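Reader: I am new to this structure and would like to understand how its descriptions are reached. Could you set each value beside the rule that it is judged by?

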Amino acid sequence: MNVKSNKFYQQYENLSIQSRATICYTLCNILQRGISLITIPAYTRILSQEQYGEYSVFLSWIEIFEIIATFRIAYGGYVVGLTKYEEDRDTYSSSMQCLSIVITSFFLILYLCCSSWINRFTDMGTVMTLMIFALLYAMPAIQFWTARRRVEYRYLSVLFITIISSFFMLVLGLIAAVFSKDKATAVVGARVIVQGGIGLFLIYVNCKKQFKFYHKEYWNRAMKFNVPLLPYYLSTVLLHNSDRIIIKSLVGKAEAATYSVAYSASMALQLFGSSINQALQPWLFKKLKDKSYDGIGKVINLSLLIIALINLMLIAFAPEAVRILAPPEFQEAIWIIPPLASSVVVMFFYQHFINVEFFFEESRITSVASIGAAGLNILLNYWLIPIFGYLAAGFTTLISYMVFGVVHYIFMRIVCKKNDCPTDLFDIKTMLLILFGFATATVILAVGYKFIWIRILAIAIGAFCVYIKRRQLFSILKELKK
């Protein structure tokens with residue numbers, strides 16, 4: 001069959017380059033999340049609970065170290081610079097790459113001088129921490145390279161690198177886990193080999209055309225842009241990752257591993273929320289720019305309903321999902337999935353309020369809310385985990401996100417008043433009604449983990465309702481597609 005005569009290929013060819021790039025980057029996102037999910041059932045069966053817990057906590061620490069020891073130079077500010085310095089992208093890119101290396105090297109030297117104290121604080125050995133720093137040299141290089149190709153719509157090379165790196169990290173990681181005694185360190189080492197090799201090559205690519213180590217204007221701009229955002233970045237990562245670190249510290253590695261399985265399963269569904277948000281965000285910004293507010297509430301309500309239904313599916317089949325992802329000793333993770341999946345729905349709920357804040361360039365408000373939510377989550381964890389056990393971490397996360405959502409709703413109304421925009425952009429009553437229905441269904445399904453007949457009955461009733469309302473649901477999907 002001729003590929004070029006294929007209907008889907010022709011439709012793809014007719015798409016704009018921006019649409020093709022969006023499809024490609026969505027595929028990259030799905031591929032990376034998919035590989036992460038595939039590794040869970042393999043690692044949880046090859047590694048012991050303690051080893052998997054050590055590995056999952058390592059993944060949490062690397063996100064925290066990345067913010068502190070790279071300043072996230074390769075994030076949004078770099079993309080803005082690529083647009084601003086369009087005629088000098090080669091020099092700008094090499095200069096930013098060198099700045100990132102300098103920042104990481106400074107913190108590496110600082111670590112080497114204070115390694116014993118830092119190791120006690122993180123509860124990680126020197127080898128593990130040095131592997132983190134190896135990744136911190138490689139990851140920004142990959143991010144710089146990827147961001148530039150996004151801006152220039154050279155998307156196929158990004159897809160190729162994503163496939164190569166994902167495949168080799170999976171294969172080498174499994175080989176290392178099987179044949180090594182120190183399995184957690186071996187899995188991390190396999191990741192360092194793959195990402196480090198790719199990162200080293202891309203450092204060369206980023207610098208080869210117009211090498212410039214130091215450029216005063218570019219370095220000053222990058223530092224002024226990124227340093228004020230560090231509290232926001234750090235608080236957001238702490239909100240996502242502090243649970244596993246605290247559980248390991250207060251309870252143990254095995255419990256951190258169990259929590260990590262539930263967290264990975266729940267956050268995998270965040271892909272749907274982030275994809276819908278990426279599609280809705282430009283549309284919402286255009287609506288706000290044109291002061292055309294009709295229809296905003298309806299579309300947001302429909303999207304929230306879709307996300308709620310998707311997460312209810314995970315909650316309904318949580319026992320089966322955990323059996324697939326991990327051996328029997330991880331089965332307690334089923335009780336963490338309902339609050340964490342609920343957190344994903346709440347995150348989607350308040351993301352639209354944040355989008356309004358971003359449109360009116362009120363990012364300082366977002367930073368204040370993020371810091372507050374992260375602090376609340378850490379305090380609740382240290383207070384409630386010793387009393388109720390590590391399962392409480394799922395509920396502290398949900399509570400923190402709920403408070404985060406309320407605060408952002410209040411901030412959004414303040415921002416709207418300040419900018420002469422209606423404060424009732426969203427149909428908050430219907431949104432809360434959807435959340436209430438979701439919470440009710442979640443409680444019923446969670447009770448069904450103990451009494452299987454309740455869960456079967458609830459799933460049957462839900463499936464029947466979906467069948468009866470299938471035309472309305474298809475119309476919702478069509479509406480969102482528009």
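Author: Contact means heavy atoms within 4.5 Å. The model is a predicted one, and by that rule valine 356, leaving aside its neighbours within four places in sequence, is in contact with Leu284, Leu288, Met412, Cys416, Leu425 and Phe426.

Reader: What makes Val356 stand out in the largest nonpolar core?

Author: Val356 is among the residues that touch the most other members of this core of 126 residues, together with Tyr52, Met96, Tyr350 and Phe426. The largest share of the core, 13 residues, comes from α16. Another core, of 12 residues, lies apart from it and includes Val158, Ile161, Ile198 and Ile203.

Reader: Why is cysteine 207 called buried, and cysteine 114 partly exposed?

Author: Buried means under 20% relative accessible area, and partly exposed lies between that and the 50% above which a residue is exposed. Cysteine 207 has a relative accessible area of 10%, so cysteine 207 is buried, whereas cysteine 114, with 33%, is therefore partly exposed.

Conventions:
Residues are numbered from 1 along each chain as its sequence is written. This is a predicted model: local features need pLDDT of at least 70, side-chain atom pairs count only at pLDDT 80 or more; totals for chains, interfaces and linings use all residues. Side-chain values use heavy atoms; hydrogens and water are left out. Buried means under 20% relative accessible area, exposed over 50%, partly exposed in between (1.4 Å probe, protein chains only). A nonpolar core is a set of buried Ala, Val, Leu, Ile, Met, Phe, Trp, Tyr and Cys residues joined through side-chain atoms within 4.5 Å. Helices (H or I, at least four residues) and strands (E, at least two) are DSSP runs, numbered from the N terminus.
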